[in-house]
Amino acid sequence: AMFGAAEGMPLGDGLYLALATSTTIGYGDLRPETPLGKALTAGYALLVVSVFGYITSCVGDAIQPDSDTSIGFGGEEAQWGLSVVDKLLGRSLHDPSHYSLSRNNSLKVSLVCKVFLLVLLSSAITLQLDPSLTPIDALYFVVMTLTTVGFGDIVAVTARARAFEVVLALLGLGLFSSFTDLVGEWRALVPPPKGASAKLATAAQCAATLAATLGIGTFAFAAAEGLGWADALYLSAMTATTIGYGDVHPATDEGKLVACAFACLAVSAVGFVTSSVGDWLQDSLCAVWEGEKEA
C-alpha cells in the first residue's frame, strides 16, 4: 500500500516491490522512481529486512528443525522444545541434540532432499508459468531467488508468476539459508586459532577464503562466459555477496549453471569473511569503549 501510494502502482506491483526489497533480492524490474518512493524504500528496507529474515527463518525452522541456531521458533538450544510451536510439531518429545543439524547426519540428508525437491518443483512451476523459459533458465531463476542474488535478467512478468515468487520466498529462503549453512560446515575442519596470534590467524583465514572463493568464481565465469578477468572477478564478487547488480550477468546456459553452483557454495564462504570482519570491528569498538570507561 505504501509503495502503491508513493509510486502510483497497482497493489500487486506494490506487494511485489515490497517483497523484492524486504528479501534483499532486488530484481530491479520494479523500482521506486520518485524521490518520495526512494526515501520510503530506504526507510522500509532498514526497518523490515531483519523482520522478514526472522519470518523466513521461522518458516524454515518449521520445515527443517535445527537446534544449533537461535533464530526461529525453537530459540536457543536450552529453550528448544519449550515453545507452543515446538510442542505442536512434536519436538518436545526429543532431546535438543536430536534436532542438531551439525550432529545429526540424518537431518543433513533430509535437508538436502528437501532443498532438491524445492528447487526441482519450483523450477517446474516456473516453466509452467512462463513457457518461454528453458529448463536451465527456470533453474537459474529459482536459485538466484533463493540465494537472493537476483540479477534481474530473468524476472516474473505476470501476476501469477509474481504471486508464486512471493510463496517461494516465504517458504524457501529460510530452508535454503540452512542449506548454505550446511555447505559452510567445511569451516569446522579448520581448527579455530588460539593464543596471542589468534586475530592474525583469523585474518589470514579470511584472506585465504576470500581469495580462493573469488579466484574459483573468476576462473569459472571467465571460462563459461568468455569474460575478461576484470568482468569475471566483478561477476564473481557480485554473486558471492548476493548484491547482484545485474549490469554483468551470465548470458549462456553454461554461465547460468556456473552461477547456480557458485552461489550455493560461495555465499557461506563470503558470509564467514564478512561476519569475521564484523566481529573484529565489534571487539575493537568494545575495547575502545571499555578503555574510555576505565579512563
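Student: Which residues of H8 are buried?
Tutor: In this predicted model, the buried residues of H8 are Ala 198, Cys 206, Thr 209, Thr 213, Leu 214, Gly 217, Thr 218, Phe 221, Ala 222, Ala 224 and Glu 225.

Student: How many residues does that helix have, and what does it reach from its first C-alpha to its last?
Tutor: Helix H8 covers residues 198-225, which is 28 residues, and it reaches 40 Å from its first C-alpha to its last, close to the 40 Å expected at 1.5 Å a residue.

Student: Switching to cores, which residues have the most contacts inside the largest nonpolar one?
Tutor: That core has 47 residues, and those with the most contacts inside it are Val 115, Val 119, Tyr 140, Met 144, Leu 146 and Phe 176. The elements that give two or more residues to this core are helix H2 (11-22), H5, helix H6 (135-146), H7, H8, helix H9 (229-240) and helix H10 (253-294).

Student: What is Val 115 in contact with, leaving aside its neighbours within four places in sequence?
Tutor: Val 115 is in contact with Leu 175, Phe 176 and Phe 179 on that basis. There is also a second, separate core of six residues, with Leu 19, Val 48, Val 166 and Ala 169 among them.

Student: Now Thr 180: where is it, and is it buried or exposed?
Tutor: Thr 180 has its place in helix H7, and it counts as buried because its relative accessibility is 9%, where the cut-off for buried is under 20%.

Student: What does Thr 180 touch, not counting residues up to four places away in sequence?
Tutor: With those set aside, Thr 180 touches Cys 264 and Ser 268.

Student: What lines the largest cavity?
Tutor: Its lining is made up of Thr 126, Leu 129, Asp 130, Leu 133, Phe 141, Ile 154, Val 155, Ala 156, Val 157, Thr 158, Ala 161 and Phe 164. The elements giving two or more residues to that lining are helix H5 (105-129) and helix H7 (159-183), and by class the lining has nine nonpolar, two polar and one charged residues.

Student: And which residues line the second largest cavity?
Tutor: Tyr 27, Tyr 140, Phe 141, Met 144, Gly 150, Phe 151, Gly 152, Asp 153 and Ile 154 line the second largest cavity, and by class that lining has six nonpolar, two polar and one charged residues.

Terms used
Residues numbered from 1 in each chain as written. Predicted model: local features only at pLDDT ≥ 70, side-chain atom pairs only at ≥ 80, totals over all residues. Heavy atoms only, no water. 1 Å grid on protein atoms, 1.4 Å probe; cavity = no way out; pocket = protein on both sides within 12 Å on 5 of 7 lines; lining within 4 Å. Helix = DSSP H or I, 4+ residues; strand = E, 2+ residues; numbered from the N terminus. Nonpolar A, V, L, I, M, F, W, Y, C, P; charged D, E, K, R; others polar. Buried < 20%, exposed > 50% of the residue type's maximum accessible area, 1.4 Å probe, protein only. Contact = heavy atoms within 4.5 Å. Expected span 1.5 Å × (residues − 1). Core = buried A, V, L, I, M, F, W, Y, C linked by side-chain atoms within 4.5 Å.
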